[in-house]
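Here is a short tour to read alongside your viewer. Have the coordinates open and follow along.

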Amino acid sequence: MGHKLNVNGDVVDVDVSDDTPLLWVLRDHLGLTGTKYGCGGGYCGACSVHLDGAAIRSCQLPVSTLQGKAIRTIESLEQRHPALVSTWINNNVAQCGYCQSGQLMSAAALLDANPKPTDADIDGAMTGNICRCGTYVRIRAAIHQAAGQQATGGAE
Amino acid sequence: MMKAITNLSPHSPHSPEFSRRRFLGVSGVLVLGAALPVGRALGQTPAAATFEPSLFLAMDSDGTVRVTVHRSEMGQGIRTALTQVVADELDADWSRVEVVQAQGDVKYGDQNTDGSRSITQNYDRLRAAGASARLMLRQAAAKRWKVKVENVTATNHEVVHAASGRRFGYGELAAEAGRLAVPENAPLKKETEHRYIGKPVTHVDAGDIARGQGTFGADFSLPNMATAVVVRCPWLGGGVKSIANKPTGEPGLVAIETLDAAPSAGPLFAPLGGVAVVAEDTWTAIRVAQGLDIEWTPSPNQTFDSDELRVSLRASVTKAGTPVPGSEKGDVDAVFAAGGTELSATYETPFLSHAPMEPPVAVADVTGERCVVHAPLQDPQSARDLIAAQAGMTPDKVEVTPTLLGGAFGRKSKPDFALEAVELSKRVKRPVRVQWLREDDIRHDYLHASSAQHHRAVIDDEGKPTAWLQRSAFPSITTVFAAQAVQPAPWELEMGFSNLPYTVENQRMESTGIRPGVRVGWLRSVCNIFHAFSANVFADEMASAVGRDPIEHRLSLIPETGTLKQPGQPAPPGHELDFARLRHVIERVRKLSDWDKPRSEGVGLGFAVHHSFRSYVATVLEASVANGRPSVSNAYVVLDCGTYVNPDTCVAQMEGAVVFGLSLSLYGDIAMKEGAVVQSNFHDYPMLRIGEAPATQVELVPSQGRLPAGVGEPGVPPVAPALSNALFAATGTRHRTLPIRT
Ligand code: FES
Ligand code: FES
């Protein structure tokens, strides 16, 4: 069944069954493999993308519910959040990196809503994103740093 | 001949190049900071290199250097670290170095990325590779200029004759250098001359990862590839008896294939068997797989119950086990009989699942005469042999290329998932990706062994043991390799059991094995987890029995100087446990944690120290109980890993080890009933979340000049005992069983 989706600013058509989660539409049908499968149950956040600006778990969203919504994935994050991407690199946040697309998408949604988050704000917004490698302390540090850079217009 | 630089097919509609063009219109991605232009030539096969003096290093005439990394990247930063070593001795310009991932091939020597030994094993040979190339470039220039090679230097991608001011870029000399014989014993740099070794270089994959462009196992694809999800028997060794509702005509369904069951004992790395649903896309495969109604054949493992195993383990440490040969000192029984202050305690730890963030996944393409596999494999070389056997080919027809590993922790040293993909590709005659679901990962892992540990000691007024009996019981990893194996192997006991660094005059060590009804395997730091837990908590119990400071007490058990004489195999020269280095990390963590500073009411500090994988780690955790749950506010870690290549990576590995160690301390618990794992996903097998991660300070002991040691694993063992000890300090309650739920 055909579905029209708005992904990273482009309108695309996909022909998949209604119950196909957005995660698999992105990965299998649109070639956007930056969004990861980690649990399929909404527990880990590896599949996080933005839906109308909010970080959501793409493994939990059937494609049929996405008409008219703006979907953004890790592949378009740098355009809007260059400071986040560069602080992630410069702080060597990633270890294996598998969770990091999801971490970055959650971090970006946080900064959009709250440009100067506290540690508690970060912990609250990022609690849905598991990092099995344990990069949490660097994630906190990088978000603070990116927030600072965005505030001073440093990297925008 | 160089092989393709990339893990990605240029034709794949799933390749990042495609998605970038299609969705972003962003031209070429620039890599920021010090990250390398890794794999810039995605999809292109480089021409034969002009200058290829080693398996690990090649150079083109434009000066591009390609370093071949023969170990797998799973977050430990090895692609960066090995490249740093080669590039340093070559004195290359970092921005002109590319990283090539090696396929599995015996020509590289050991490729098993396991045991925290990639740097230990390869530091010298990779320095030599870089140094030889650098000398050859100098020789080529000296020849051209007709000057002595001693008067020619090579720095930052340039060869210079200082007297005349003449210079060549490395690339200009590549062709001539390529005609020279590779020198033996090329001079190595002095430590002060290092430009990358010992420096915090940004990881080579950091840019790709932060942009969602890294190629993990599931991100690799081939034209016409199908995706398979396999439903496996809940118990080890069970096969498919019947499928009650085999679907037909489902759109996107390619095939339903029955795979043979693994042996019920000694399964090694054989695929578990089951019903494979092969489909055009992942969701169809998942949906169909989840709807199948399968009846399984029985196996002796069908009655396996982890609670019953724990009862047996507990019982076995109440009686004498098999003595560790050469471990007996003095007369333990006589001291026990004589009486005195006696302590004894039993510690228990459960089964654990690896749960790497990326569940197992593999892509295989078996055609008439060739087999190509791309997968997150820790050991592509041994996997290649098994894949060849599965495909019915000789290994020379098989190409195995590791993708990035989305975490592994030991799970991906077992290539059973790649063998599934090979078998299915052979059957459906197209490339096949096998995607494990998280539920498959948790339920069908090679579990970290459950264990019981028993310690009994008589202590003097200062809390020092005059006699110490240690017992360890657990299902050995060797049970996976041999149907008859039972007894723990010496190498398992050398992980923190038979090599405790404490001075005791009367001592005995005994172990007991048991056959489990499940595959067990090595998980990040392996048996050190339960051995370090029990030994460090028991030592803490000795200190508290006499009211001594735990760190003071511990130092009093360790000789000032010398090295440990352990029973069995001696440690390799230079890697013996050095008491002074052990004491040093303890002293440093005392300082780093401000150990003597009083904490507020209800907050406790716990200390643990452990030597493993040739490294020394001392850890202090600051913990309390909040809302009935343990809460860790601060972690302090001191690491002495000898010579280190990338200090920032070492720090990151300790930070990660604290989180990994806390996950297993607070949550890790895999139970088995009727042969099946009870848990299935992160809701019932939870991981530490960001709000629970303590602020972490890591100190790296400057030990350049010493042999390089392990970093990926040794941070884990001290975490659980430090937590238990901290909670005792905070609350007075002793926790001897993991996980600690309080
Ligand atoms: S894959 Fe969606 S939350 Fe884990
Ligand atoms: S970096 Fe490996 S799971 Fe987060």
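The notes below cover the model itself, a sheet in chain A and the build of chain B.

## About the model

This is a predicted model, where local features need pLDDT of at least 70, side-chain atom pairs count only at pLDDT 80 or more, and totals for chains, interfaces and linings use all residues. Residues are numbered from 1 along each chain as its sequence is written, chains are lettered from A and ligands numbered from 1 in the order in which they are written, and side-chain values use heavy atoms, leaving out hydrogens and water.

## The sheet in chain A

Chain A holds an open sheet of five strands with mixed pairing, ordered β2-β1-β5-β3-β4. Strands here are DSSP runs of E with at least two residues, helices are runs of H or I with at least four, both numbered from the N terminus, and two strands pair if DSSP finds at least two bridges between them. β2 (10-15) and β4 (54-57) of chain A stand at the edges with a single partner strand each, so one side of each has no neighbour in the sheet.

Strand β1 (residues 2-7) of chain A runs antiparallel to β2(A), joined by six bridges. Within this pairing, G2(A) is opposite D15(A).

## The build of chain B

Chain B contains 18 helices and 27 strands. Its C-alpha trace spans about 80 × 75 × 45 Å along the principal axes.

Which share of the 742 residues in chain B is buried? Buried residues (under 20% relative accessible area, 1.4 Å probe, protein chains only) account for 65%.

Definitions and conventions: Buried means under 20% relative accessible area, exposed over 50%, partly exposed in between (1.4 Å probe, protein chains only).
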